[in-house]
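Dear colleague,

Please find below the structure that I am handing over to you. My findings follow it, and I would be grateful if you read them with the structure open.

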Amino acid sequence: MSDLDQRMLLHDMADRINTVADHLPLTDQIQPDPALSEILDDEVRHLARLLGYLAGESAFRHRAATRYPHQPTATDRRTTLALARAAEPTGAALAALGAAVHQLGLLAHLAHLAHQQPGPARDRSIAATHQHLVDRLGDARTHLAHAAKQLRATADTQVTPAATVPRPPAASAAASRNR
């Protein structure tokens, strides 16, 4: 895989991670309704696939480097490390989304109880659970932004071969052609 291909891979993974973050609602848009549960369902699945890809690609590259220790270039090693490093915040984002699913389930349960046990204690419980949901979605967005930033930083610091620029002819060569 060329250096350019590896840079493109890292940017593509960062874009995919950012897409998951972009699909999560912002703090002021979080409502405990079925639409949010559908969003969480979709994005948990997308993020789980991305985490699986990061783990699989890292494992594949690690095995290849072990079997053929003289073949990986410095760029190969940096790319492999970047993919492995991105797995941690991506996994943390997935865990935060799992916690958000839990909080959303609690809100649905509390809403059901609201019909049976109205009162200030229930209202405080609903408000606290909603805040936990908001916090977990915020955590997920933060982790995803961190993972994407790491991937982009590695991609942008990888050295690409400079294009060779033809040199102008020497003064003596130009003078001999004019004669």
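The secondary structure of the chain consists of five helices and zero strands. Read from the N terminus, the order of the elements is α-α-α-α-α. Please bear in mind that this is a predicted model.

Some values describe the chain as a whole. Of its 179 residues, 31% are buried. The chain exposes about 11000 Å², and carbon and sulfur atoms supply 58% of that area. Among contacts in the chain with a separation of 6 or more, 84% are between residues 24 or more positions apart.

I then turned to one pair of helices. Two packed helices are described by the angle between their axes and the distance between the axes. Helix H1, residues 3-23, packs against helix H4, residues 120-157, at an angle of about 165 degrees, and their axes are 8 Å apart. Because angles over 145 degrees count as roughly antiparallel, H1 is roughly antiparallel to H4. The crossing of H1 and H4 is left-handed.

Which residues make the contact between H1 and H4? On the side of H1 they are Arg7, Leu10, His11, Met13, Ala14, Asp15, Ile17, Asn18, Val20 and Ala21. On the side of H4 they are Arg141, Leu144, Ala147, Ala148, Leu151, Arg152, Thr154, Ala155 and Asp156. The residues of this contact divide into eleven nonpolar, three polar and five charged.

Is Thr90 buried or exposed? Its relative accessibility is 0%, and a residue under 20% counts as buried, so Thr90 is buried. Leaving aside its neighbours within four places in sequence, Thr90 is in contact with Ile17, Leu47, Leu51, Leu54 and Ala147. Of these, Ile17 and Ala147 also take part in the contact of H1 with H4.

The other residue is Leu110, which lies in helix H3, residues 74-114. Leu110 has a relative accessible area of 13% and is therefore buried. Apart from neighbours within four places in sequence, Leu110 is in contact with Arg122, Ser125, Ile126 and Thr129. Leu110 and Thr129 are 19 residues apart along the chain, and their C-alpha atoms are separated by 9.1 Å.

With kind regards

Technical notes:
Residues numbered from 1 in each chain as written. Predicted model: local features only at pLDDT ≥ 70, side-chain atom pairs only at ≥ 80, totals over all residues. Heavy atoms only, no water. Helix = DSSP H or I, 4+ residues; strand = E, 2+ residues; numbered from the N terminus. Buried < 20%, exposed > 50% of the residue type's maximum accessible area, 1.4 Å probe, protein only. Contact = heavy atoms within 4.5 Å. Areas by Shrake-Rupley, 256 points an atom, 1.4 Å probe, with all protein chains shown as cover. Axes fitted to C-alpha atoms, helices over the stretch in contact; angles between N-to-C directions. Parallel < 35°, antiparallel > 145°, perpendicular 65-115°, else oblique. Left-handed = near helix turned anticlockwise from the far one by under 90°. Nonpolar A, V, L, I, M, F, W, Y, C, P; charged D, E, K, R; others polar.
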